[in-house]
Amino acid sequence: MNTVKEMVLNALINVLGPDWVTDDLSIRQAYSKDASLASVWRKHAKDPKTVPDIVALPSSTEEVQAVLRTANRWGMKVVPVTTGSNMIGLCVPQHENCIVLDLKRMNRILDVDVTNMTATVQPYVSFARLQSETMKRGLWNGGTPLAPAVVGIVTNMMFNGIWQSCLAYGAGFRSLVNLKWVTPTGDVINTGSRALPGAGNFWWHGPGPDLMGAFQFTHYGALGVFTEATIKLHRWVGGDWPNEEKVYDHPQLPANHRIYFIDFQDFRQMNEAMYQISHAGIATHLETAMDAWNAFCSQPTQALSEKVFCEGVFPKHCIYVVIAGISSPRQIEYEEKVLRLIVARCGGRFRDDLRDVLATWHGDAFRSGDTVRVTRHGGYAITRMGVSVIDTQEEYYKVQREILAKFRHYKLDEEMPEMYICDRGYWVIHETDTYYDQGDKEQVKDSRGQAKAAFVDYQKRDGLGWYIFVEPLTTIHGPNIGPDFHLRLKDIKRVFDPKDTMNPGKLVNMG
Amino acid sequence: MKQLVDYRRQAWNCYRDNMCKSVFSWHLKSDRFSAVCPSLEKYRFDAFSAQGRLDIARAMIEGELEWSERLLDTIYRCQLCGACDYICGRVKEMQPTRVIQAMRIKLVKEGKAPPPEFRQLNEAMRTYLNPYGRANSQRGKWILNREIADGDATKVSRELRVDTLLYVGCSPLRDVAAELMPQAALRILQRAGIDIGILGDKEVCCGHPSLCLGDEENFIAFAKENVRLFHELNVKRLVCLCPLCLSTFRRDYPELGVKIQFETVHFTEYLDQLIKSGAIKLTKEVCLDVAYHDPCHLGRISNSGVSGTNSFIGIYEPPRSILKAIPGVNLKEMPRNRDDSWCCGAGGWMKMSYPDFAIWTGVERVEEARSTGAQALVTCCPHCHENLSEACRVDPRALEIVDLLDLVLRAM
Amino acid sequence: MVSVEDTVHKELAQIVGPDNVIRDSLVLERYSHDLSFLPRCCPWCAVLPSSAAQVQEVVKIANAWQLPLTPRSSEVGLFGGGAPCPGGVVVDLRRMNRILEVNERNWYVEVEPGVTYALLQRATDKRGFRVASPLTCLPSTSVLTSYVEREPVVTAADFTYGNELIATFDIVLPSGQLFTVGHPALTGTPASAPDGPGLNFYRFFLGAQGTLGIVTKLTVRLLPMPVIHRAYFAGADSVGEAVHIIKAIQQHELGLECIAMNRFDLAAMLVDFTPEDTEYLRDGRYVGIDGAKPWSDSQLEQFASLKKRLPPWTVIVCLAGWGPLPTEKVAYQELDLNELGADNGFAFRGALGGIPVLDRQILDEFVRPWRFQKRFGYKGSCHALSFISPIGRVGEFEGVINAAACRHEYPLTDIGGLVIPIERARAFYCHFDLTCDPSDLDERVKTKTLLDDASAALVSRGAFFDRPYGPWAPLMFDRAGEYTIYLKKLKQQLDPNNIMNPGRLCF
């Protein structure tokens, strides 16, 4: 008599073909870990639930529907994954009877609509691949996060993706126009203008209430799987790009763009400058250029990174600004003038002397390349990702230093947060990180300590909001959110996933 | 050599950043030609990528994974082309192919590898001391079979005490077609009046196939023998014709702690210097639009040190410089070039073990060459040449696979 | 013996106070209709809460007694969203009319539902800010309602659609729970963005016509008042030509406000009104629930004369400067605009048709819209076809409307046309008005028939009515397949007693 797993395996083989479904342990192991603290910790604990029972690779919406229906019918759990790069263990199983749905075969750019400035893609299309095609047509998606540019663009956007041009183009998730979504029960929902036959893929919002809200933000892959998405594009004036001398770490700055590194005497000055720059309506990028990140990304080896960091080569309170001449070179001229005025007013200094050593930003600011070097020490975890207005950042900075005083275990653990100014200065996201050898259980423990301490300490202070909730707190969302919040999440979960098939326990515990 | 457990830190510290699966972001200009890992593109499960193999290595080290046929599959269906080494080296100072190699060594030691598909190669290396199962006495046959143009004054020195030794490698043992490359090399040097030593049937295999299989013991034996021979001959400069041999001497021998007291260069480096110095003149026009295929072992895995961290740069420019020096040749770069080069398919001795996979990989590269509008795809590696030629025959549209040395001869 | 009616009224009175429970049929008559073609329906009563806590209590009572609730914040509704359900209760939020905070440092304002554009603009003007205001709303329209209903604004930051200027809002869910969307859901976090927590809940409640809850507080982002503000005009022979001009400008990310209007709409805006009527216009009293005061003969004459001086379509673009070097900003953008025009075969001027101070009128209108509603007086009422279109189909959809008008012998010259680019002209908001005399029954029937016919034709061709009011709801939702099914599931989950504005959308 076949077990449920065997029956499901055979059913999936019937649908997808024997090449695309497996229960072989060596294959399954490759889906059992990512670099999140959650996942690494569970690997040290040898948690068998991290290893899925089956891995399936569908190639179409219909196949995704079939897999989800089968899983639903037989009570198996499903964890969808594209590139699987995330900070909080979203794509790694944590239940028995689990299928990992690897969407890698759905990897096409379906359409680039130059007139309506959109692109329609399948799940496994990366930022870099899409940019490579759209830049040829004078368009781009607006940037990449400091996460690798080879991660899935839509999944990043859906998971509240932010990027360095958030100042001008809004946070990443504002770039999603509409989705073709397969629910855990195997139904297909088209959102936005897709919902209306004949309307095309050009618009979001509606009809009426917008269901895309359910599939966005930190939804943790818990409400279904998208198989197509339309995203926004913007005008690209950077010309034929990227180009890098093959001697590494010196990508060219795109045409019609300028980058400036500016440092300040203290955090307050820097913060005020960021406020004024963003509210002046100039620039496309405005972000802190943290000393730790600069040390990592600019140097080809870890030893060199540690050396330059300890020598204080990079200033502590430093920002970078990118200005683009989208309408004409006059725009650059004007915006640079405004920038210089503000910087002078705020006591800052332009650091043209750093331009060469920080040349990796010429690439990373538009399409991240060397930024993955921040993981060179081993692992990299977000201890804190918060959102607020610019003025509260100083308080965060103070709290972060207090936490590091207790928990710092690696010299490059960040004091200075990354601060992304979003939506023309209306809000800001900041992030602090810790670095650890994933194979060293004690270091992993220390990093978890930092994350937990950050959570507890920040919650005590008014005005310091959370953005995403890192392990081990992904379903708690913090006490400040009120006692009934999880009930609302359950409401939504019941609508789309009544049997709790998709990524159970990550959005909300239905038990 | 380092054992698998020595790579524990690397195995644990894969970040799943996905960089090993794609052309490096700052070089990616084509969606169609954006992948770099042939085994991942073919077999699609993450286990066939460097990320997946590092996860498997971690599980093996921690005792969470036992042997299975599929396990061998994931570990051995890999050309060890080094695309992942370049990118992972660049951003994380990690070299996944080393870890894959170490897994193979461990499994061979435990008697669980190599897989049946590699049996023939394994036996050839153990019995015949070369990958083709031919008698070593046949190694010099290519010299006897060559045609020497009238008027060549050069002597073919069999004198075994020369500073510069041309190391031909095992390829000519494969078949008659494979003899053309060393013959071309020799004719170029002869026409230029340059003296160089060759070992003929005294040559010993560099041992790369054994290393690739995971037969550490056999590989060490080859390495020791070669180094002893070269030191005995007092070789100052070893000029390798085959990139696999070059990378084995430069990258893999130092892993054994073996001290090499001679310079190792590839034939194209040597040739480029000769052209630049005027010793070789290229005067005849060869009108041809060409794409150039960077052999993996000439590029990102050509040397010791961590690929992508500036500890070495692959041999990319000398072949290009040679092409540019040939009148009438117009080079059209493929989207994946230099460090981002897509493997020809023959890497890791795939042609002998998983020939379908090798051809599939080669067809992809040929397609890429065609996309440039080139009439010919040029390479300077006998293995690349073989596999790409066969791949060309799969798709009947015109594209010629041309040996770089052949073009040079035409231009002399 | 106390009737159920009396019991319920008493319970409601205990919450909002007896003076704030309306049972008088004459007063209730004012809630029974708006300017849409929805049939009249008198509510059973109306309640006027003054706080979110009171709204919560009202909702709990409604659940207990299965009372349909229809929230309402504006004096005059245009699309039927605030029209009551039979036997239902209108929750009139106009007593909640406080401007709670104007945060000049972080550029946002917090308002209750009863705050109108007229009220808010006066408050923000004083502080050097503006709230992005829809041209198509009345000064008496609730700011909260228009944002929550995704009414497109003319002045949005580059990347956003109007409702993306929302920072957060509070909503009383059908269960009676008060729910905050966005980061401010975490106690004490200042207004920043509406996303999350967990999911983008806020999207469920926008465009919902009060079917999934009652919004009781809105925080909306402010824009700086420009220090330099200039308007430029270019004529176009067709809407297709107009949108292509707009596209070129928007792709170069030039300018702030940018729209195109047909001669009907623009001329209507410029008709002179008496000082008294002008005050009514500014205060939002000009258009009432029974329509607007019709124009005089001299106004009609002036209107005809203005139309003759205007091209079929006019593209208007405004350059704005604020911050450290406002003059320089406008100066370089002006040069860029001229260059762009020269390269693409159009030219912008500071004036049009010899109309005096046109630019100043337009600039003022974009900051404080009050003139656009004048068009209601042409015949007394307007009925809009408002939908979203991709750039390449705006002309096609106009053609569909015109064809329908011809079928119904409706004069094309009486149709107003306004197109607003959204998100740098990724799409266009199209607003075509069918004017109508509300007191003429035959004309009402004819106009309604035309509206229905044109709507059906538009939807069948793919015009996207993202806000499916009235007759658009079945047209859209009947075609939307699983989207509709899951919307209904969402409604069932959040509002199991179906008390929130039942019968709207697809519910």
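Author: Two strands count as paired if DSSP finds at least two bridges between them. Helices (H or I, at least four residues) and strands (E, at least two) are DSSP runs, numbered from the N terminus. The model is predicted: local features need pLDDT of at least 70 and side-chain atom pairs pLDDT 80 or more, while totals for chains, interfaces and linings use all residues. Residues are numbered from 1 along each chain as its sequence is written, and chains are lettered from A and ligands numbered from 1 in the order in which they are written.

Reader: Which residue of β18(A) is the bridge partner of A:Ile421?

Author: Strands of a sheet pair through backbone hydrogen bonds, either parallel or antiparallel. Here β17(A) and strand β18 (residues 427-436) of chain A run antiparallel and are joined by five bridges. Within β18(A), the partner of A:Ile421 is A:Val428.

Reader: Which residue in the hairpin of β17(A) and β18(A) takes a positive phi?

Author: Four residues lie between the two strands of this hairpin. The positive phi, near 50°, belongs to A:Asp423.

Reader: Does A:Trp203 count as buried or exposed?

Author: A:Trp203 lies in the loop between β9 (188-190) and β10 (225-232) of chain A. Because A:Trp203 has 30 C-beta neighbours inside 10 Å, this residue counts as buried.

Reader: Which residues of chain C is A:Trp203 in contact with?

Author: Contact requires C-beta atoms, placed from the backbone, within 7 Å. Leaving aside neighbours within four places in sequence, A:Trp203 touches A:Val177, A:Gly192 and A:Ser193 in chain A. From chain C, the contacts are C:Ile388, C:Ala427, C:Phe464 and C:Asp466.

Reader: Which element gives the most to the side of chain C that touches chain A?

Author: Chain C contributes 78 residues to the contact and chain A contributes 77 residues. On the chain C side, the elements giving two or more residues are α6 (202-205), α11 (326-344), α15 (472-477) and α16 (482-494). With eight residues, the element that gives the most is α16(C).

Reader: Which strands of chain B are the edge strands of the open sheet?

Author: The sheet has four strands in the order β2-β1-β3-β4 (chain B), with parallel pairing. An edge strand here pairs on one side only, which is the case for β2 (197-198) and β4 (263-266) of chain B.

Reader: Which residue of β2(B) is the bridge partner of B:Leu166?

Author: Strand β1 (residues 164-167) of chain B runs parallel to β2(B), and two bridges join them. In β2(B), B:Leu166 is partnered by B:Ile198.

Reader: How wide an arc do the buried residues of α14(B) cover around the axis?

Author: The buried residues of helix α14 (residues 317-325) of chain B are B:Pro318, B:Pro319, B:Ile322 and B:Leu323. They are placed on the same side of α14(B), because the arc they cover around the axis is only 140°. The arc is taken over the directions from the helix axis to the C-beta atoms. Its value is 140°.

Methods. A residue is buried if 20 or more other C-beta atoms lie within 10 Å of its own, exposed if 12 or fewer, and partly exposed in between; C-beta atoms are placed from the backbone. Two residues are in contact if their C-beta atoms, placed from the backbone, lie within 7 Å.
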